[in-house]
Amino acid sequence: MMFRPESEDDPHTGHMDQDKRDRLFQQGLEAFNSAHFFEAHEHWEEIWLETPVPDKTFLQGLIQVAAAFHHYTRQNRRGARRLLEAGLAKLEPFPVTHWGLEIAPLRECVRRWLAAVAVGHAPDPDSIPRIQSGGSGGASSKTK
């Protein structure tokens, strides 16, 4: 389920090893799915700093979606809308399942939130998505 940009832990360059990246990515996913969006953003941003394109773009999309829901929970609808738009744009080019995660349902949920906000509706906070693992027998992204 983890991503694969490879680099060795190098004390001279500060590059983290794969185990640390995997751990941070999983912690970000768990934080997102527990509605701890700021924490998810922080975990993923640490990885993002050392990740090459195109996976850097994928991570940035996840980070922006997490930050959007953080803004939403703090009553910043305008910031939430802008970050949902930016995050969706970055996630659009990626396949249905990427890094072992179901991305298509996440994108669909973001589109529904953007549509609701565009017509002045406040989406139900209980409809914030959860990102699920893909693959054989994997669940799709669901709302809480």
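**Briefing on a predicted protein model**

The accessible surface of the protein comes to about 7400 Å², of which carbon and sulfur atoms account for 51%, with areas taken from the Shrake-Rupley method with a 1.4 Å probe, where for residues only the protein chains shown count as cover. This is a predicted model, in which local features need pLDDT of at least 70 and side-chain atom pairs count only at pLDDT 80 or more, while totals for chains, interfaces and linings use all residues. Residues are numbered from 1 along each chain as its sequence is written, and side-chain values use heavy atoms, with hydrogens and water left out.

**Confidence**
- The average pLDDT (the predictor's confidence in each residue, from 0 to 100) is 84, and 83% of the residues score at least 70.
- Residues 1-13 stay under 50 in pLDDT, and the model gives them 39 contacts (heavy atoms within 4.5 Å) beyond four places in sequence.
- Residues 136-144 are likewise below 50, with 29 contacts in the model beyond near neighbours in sequence.

**Overall fold**
- The protein has five helices and four strands, which are DSSP runs (helices H or I, at least four residues; strands E, at least two) numbered from the N terminus.
- From the N terminus on, the order of these elements is α-α-α-α-β-β-α-β-β.
- Of the 144 residues, 41% count as buried, meaning under 20% relative accessible area, with exposed over 50% and partly exposed in between (1.4 Å probe, protein chains only).

**Around Ala 40**
- Ala 40 lies in helix H2, which spans residues 37-48, and counts as buried because its relative accessibility is 0%.
- Beyond its neighbours within four places in sequence, Ala 40 touches Gly 28, Ala 31, Phe 32 and Ala 66.
- Ala 66 is 26 residues from Ala 40 in sequence, with 6.6 Å between their C-alpha atoms.
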